Amino acid sequence: MKTRAAVAWAAGKPLEVEEVDLDGPRTGEVLVRIVATGVCHTDAFTLSGSDPEGLFPVILGHEGGGIVQEVGPGVTSVKPGDHVIPLYTPECGVCKFCTSGKTNLCQAIRVTQGKGLMPDGTSRFSKNGKPILHYMGTSTFSEYTVLPEIAVAKINPAAPLDKVCLLGCGVTTGIGAVLNTAKVTPGSTVAVFGLGGIGMSVIQGAVMAKAGRILAIDMNPEKFVMAKQLGATDFINPADYKDTPIQQVIVELTDGGVDYSFECIGNVKVMRSALECCHKGWGESIIIGVAGAGQEISTRPFQLVTGRVWRGSAFGGVKGRSQLPGYVDRYMKGEFKIDPFVSAVLPLEQINHAFDLMHEGKVIRSVIQY
Ligand code: NAD
Ligand code: AHE
Ligand code: ZN
Ligand code: ZN
């Protein structure tokens with residue numbers, strides 16, 4: 001079949017919206033019509049050429065919501081008409097990782113996914129006979145996409161797909177990092193570095209965890225408005241403290257440091273600040289931001305010897321098939337917000353504008369509606 005898609009032909013070049021060919025689902029695969037997709041900073045990161053795994057040409061996008069159109073042989077858990085969220089972290093339920101009880105990082109198809117291919121080692125997308133690669137196993141910047149069955153979460157059909165698509169990455173990542181990875185305890189002091197879709201979701205998670213104080217940190221003070229509405233209590237622009245390292249500012253403001261910090265930017269220098277603003281003896285820093293090829297983190301080992309902890313979190317530690325539908329239901333019950341995060345709704349033809357809005361810091365999320 002043909003599908004409209006935004007193709008990234010090369011790193012650093014604008015996406016081109018055009019018709020491409022899409023092969024139908026093979027064994028264990030499903031064809032999904034994407035109704036809406038968010039644009040996450042990770043899409044921009046890969047498009048920029050900084051992603052060590054970045055391959056081109058590719059159809060980006062990993063924060064979608066859609067409806068199953070067709071299933072391939074052997075698919076039993078979903079059927080046409082089911083509403084689904086594509087999962088860049090699938091859940092096979094049987095691999096060593098899925099059965100460990102210790103991680104959400106299912107590895108059943110990670111190798112082929114990282115090469116932009118379906119589990120059988122081929123691509124379903126092409127143009128004039130030339131393959132176009134998949135991205136993060138999802139490629140939601142295409143109106144129709146083919147996904148492995150283990151990479152779709154079946155959700156409540158009453159949920160608005162133009163909102164819950166953000167549970168495909170940003171909102172789940174932020175809330176999950178607080179509740180699953182850090183396990184923030186009531187009364188804690190929390191610092192959030194970077195107030196995009198991820199950082200704002202961390203703030204929501206911290207409120208859900210009943211944190212006592214939530215410090216919101218960003219170079220763009222316009223972000224403080226929403227951070228305050230969501231429940232942040234302190235607002236810090238590092239540009240206001242040029243002569244003092246920001247970790248020192250935070251340690252002084254919080255009687256020795258925060259209990260938990262979250263890096264939601266992808267800047268290795270900020271990752272260091274986020275660790276070093278943690279309280280001696282117990283403070284934990286969670287790295288969520290994704291850093292470019294060749295970047296490395298550093299700190300004095302003494303920071304860890306004296307009890308601070310560095311952790312990372314992918315997709316908020318959430319297992320997609322078994323736990324994400326519950327997040328959709330919790331949103332529907334009003335336990336957390338998604339709607340205010342949708343700053344702009346754009347047609348696929350304006351997807352490059354969505355990237356511009358992100359780089360200009362004008363949106364929390366743009367949602368592409370097909
Ligand atoms: P975003 O672009 O919407 O937000 C980033 C924010 O950081 C912006 O508000 C920006 O002003 C702020 N910022 C930039 N540099 C800063 C600095 N030096 N100090 C303070 N603030 C600064 O991005 P996003 O979509 O929220 O994603 C954030 C990061 O999380 C990205 O690196 C993305 O790739 C990553 N991410 C990781 C996961 C995961 O599972 N680990 C999931 C989604 C996104
Ligand atoms: N490909 C990059 C790493 C990118 C990365 O860390 N991705 C996160 C999700 S970001 C979503 O917006 C993730 O889940 N990582 C786990 C995984 O298996 O990819 C690189 O550095 O090579
Ligand atoms: Zn993302
Ligand atoms: Zn698995």
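Me: Into which domains is the protein divided?
Reply: In this predicted model, the protein is divided into domain 1 (2–168 + 338–369) and domain 2 (174–313), with bounds that come from an automatic or database domain assignment. Residues are numbered from 1 along each chain as its sequence is written, while chains are lettered from A and ligands numbered from 1 in the order in which they are written. Local features need pLDDT of at least 70 and side-chain atom pairs count only at pLDDT 80 or more, whereas totals for chains, interfaces and linings use all residues.

Me: How many residues of domain 1 are in contact with domain 2?
Reply: Twelve residues of domain 1 are in contact with ten residues of domain 2, a contact being two C-beta atoms, placed from the backbone, within 7 Å. On the domain 1 side, α1 gives the largest share, three residues; helices here are DSSP runs of H or I with at least four residues, strands are runs of E with at least two, and both are numbered from the N terminus.

Me: And what is the make-up of that side of domain 1?
Reply: That side of domain 1 divides into seven nonpolar residues, four polar and one charged, where Ala, Val, Leu, Ile, Met, Phe, Trp, Tyr, Cys and Pro count as nonpolar, Asp, Glu, Lys and Arg as charged, and the others, Gly among them, as polar. The centres of the two domains, taken over C-alpha atoms, are separated by 29 Å.

Me: Switching to ligand 1, which residues come nearest?
Reply: H41, G194, G196, I198 and G266 come nearest, out of 33 residues around ligand 1, and a residue is near a molecule or strand if its C-beta atom, placed from the backbone, lies within 6 Å of it. The elements that give two or more residues to this shell are α1 (41–48), α4 (170–182) and α5 (197–208).

Me: Which domains does that shell draw on?
Reply: The shell around ligand 1 takes at least three residues from each of domain 1 and domain 2, and its residues divide into 17 nonpolar, 14 polar and two charged.

Me: What about ligand 2, which residues are around it?
Reply: Around ligand 2 are C40, T42, D51, P52, E53, T89, L105, R110, C169, V290, A314 and F315, and this shell divides into seven nonpolar residues, two polar and three charged.

Me: How many residues has the largest nonpolar core?
Reply: The largest nonpolar core has 110 residues, and those with the most contacts inside it are I59, V164, V190, A191, V192, I203 and L215. Such a core is a set of buried Ala, Val, Leu, Ile, Met, Phe, Trp, Tyr and Cys residues joined through C-beta atoms within 7 Å; buried means 20 or more other C-beta atoms within 10 Å of a residue's own, with C-beta atoms placed from the backbone.

Me: Which residues does V192 touch?
Reply: Not counting residues up to four places away in sequence, V192 touches G199, V202, I203, I214, L215, A216, I217, F262 and C264.

Me: Is helix α8 mostly covered or mostly uncovered?
Reply: Helix α8 (residues 268–276) is mostly covered, since seven of its nine residues are buried. Those buried residues are V270, M271, R272, S273, A274, L275 and E276, and they pack against β10 (189–193), α7 (246–253), β13 (260–263), β14 (284–287), α9 (301–305) and β15 (309–312).

Me: Last one: why does G137 count as buried?
Reply: G137 counts as buried because it has 25 C-beta neighbours inside 10 Å, and this residue lies in the loop between β7 (130–132) and β8 (144–148).

Terms used
Buried ≥ 20, exposed ≤ 12 C-beta atoms within 10 Å, placed from the backbone.
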